[in-house]
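Here is a friendly briefing to read alongside the coordinates.

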Amino acid sequence: MRAHYRDAGLDESDLAPDPVTQFAHWFAQVRAAGLHEPNAMICSTADEDGRPSSRTVLLKKYDERGFVFFTNYGSRKGRELDANPRVSLLFPWHGIARQVIVSGTAERTGRDETAAYFRTRPHGSQLGAWASEQSSRVASREELDAMFARLAERYPEGEDVPAPAQWGGYRVRPETVEFWQGRENRLHDRLRYSRRTDGGAEGPVDGWRIERLCP
């Protein structure tokens, strides 16, 4: 099981001045390539004792403030982020031999932002957010389906479903963002943006440092 990578690489001169703009370039290319769910990302967290856990979540928006996903705050990742907001996001775009790795700090989005996104979800997904106490034990699939059925009676199709209080978004403010491009002979290109703050007469100015890493 050994893949052969292409000749074309990633050069410093190809990069945008900031990682969000560069991510937008790559995200547009991966969508154009037709990869399934290019917004799927592996979200890794750790509890207060440093025990890690990972799962796949979906990126729902991004801008200069960070990368946003939504979940149940009572889930394992929600509890771990409450105790330790450090998080890693990995976009595994294997089909085009690329990865993006984001490391940063997560904070909850505001309720208005959560409610606005929740209104865009399909009706069944809205009910599912109420039915599932994510990461908690459930006696059987039948119990979960019964809960969903009761909610479907309470909130029929077309009726407004409020966002659950325990459900909402996290915005990951990046501190480093690595762009990985597969190359021949395992000499892959790895270019990493690191957030820096330059102090000056007019005060601190946020910016990004770009460095190349050995593969």
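Strands β5 (residues 86–93) and β6 (residues 98–108) run antiparallel and are joined by eight bridges. This is a predicted model, in which local features need pLDDT of at least 70, side-chain atom pairs count only at pLDDT 80 or more, and totals for chains, interfaces and linings use all residues. Residues are numbered from 1 along each chain as its sequence is written, and side-chain values use heavy atoms, with hydrogens and water left out.

**Strand pairing**

- A word on terms: helices (H or I, at least four residues) and strands (E, at least two) are DSSP runs numbered from the N terminus, and two strands pair if DSSP finds at least two bridges between them.
- Opposite Glu107 stands Arg171 of β7.

**Annotated binding site**

- The UniProt record, an unreviewed entry, places the feature "binding site" at Arg2, Ala3, His4, Tyr5, Lys60, Tyr117, Arg121, Ser125, Arg186, Leu187 and His188. Lys60, Tyr117, Arg121 and Ser125 from this set are part of the lining of the largest pocket.
- UniProt positions follow the numbering used here, feature names are shortened, and annotations may be inferred rather than shown by experiment.
- A pocket is found on a 1 Å grid over the protein atoms alone, as an open set of points with protein on both sides within 12 Å along at least five of seven lines; its lining residues have an atom within 4 Å of a point.
- Arg186 sits in the loop between β7 and β8 (189–198), and is partly exposed at 35% relative accessibility. The classes are buried for under 20% relative accessible area, exposed for over 50%, and partly exposed in between, using a 1.4 Å probe and protein chains only.
- His188 also belongs to the loop between β7 and β8, but His188 is buried, with a relative accessible area of 11%.
- A polar atom of the His188 side chain lies 3.0 Å from the backbone nitrogen of Arg183.

**Salt bridges**

- How many salt bridges does a search of the whole structure find? The search gives 15, where a salt bridge is a side-chain nitrogen of Lys or Arg within 4 Å of a carboxyl oxygen of Asp or Glu.
- Side chains of opposite charge can pair when their charged atoms come close.
- Arg51 pairs with Asp47, and their closest N and O atoms are 3.0 Å apart. Arg51 is partly exposed at 48% relative accessible area, while Asp47 is buried at 10%.
- Glu80 forms a salt bridge with Arg76, with 2.9 Å between the closest N and O atoms. Both Glu80 and Arg76 lie in helix α2 (residues 76–83), four residues apart, which is about one turn of the helix. Glu80 is buried at 5% relative accessibility, and Arg76 is partly exposed at 38%.
- Arg190 and Glu178 are bridged as well, at 2.6 Å between the closest N and O atoms. Arg190 is in strand β8 and Glu178 in strand β7, so this pair ties together parts that are 12 residues apart in sequence. Arg190 is partly exposed, at 22% relative accessible area, and Glu178 is buried, at 8%.

**The network around Asp189**

- Glu12, Arg183, Asp189 and Arg212 are linked in a network of salt bridges.
- Asp189 lies in strand β8 and is buried, with 6% relative accessible area.
- The Asp189 side chain makes a polar contact of 2.8 Å with the side chain of Arg183, and one of 2.8 Å with the side chain of Arg212.
- A polar contact is a pair of N or O atoms within 3.5 Å; within protein, one must be able to donate a hydrogen and the other to accept it, and residues adjacent in sequence count only if both atoms are side-chain atoms.
- Leaving out residues up to four places away in sequence, Asp189 touches Gly9, Leu10, Phe179, Trp180, Gln181, Arg183 and Arg212, with contact meaning heavy atoms within 4.5 Å.

Notes:
1 Å grid on protein atoms, 1.4 Å probe; cavity = no way out; pocket = protein on both sides within 12 Å on 5 of 7 lines; lining within 4 Å.
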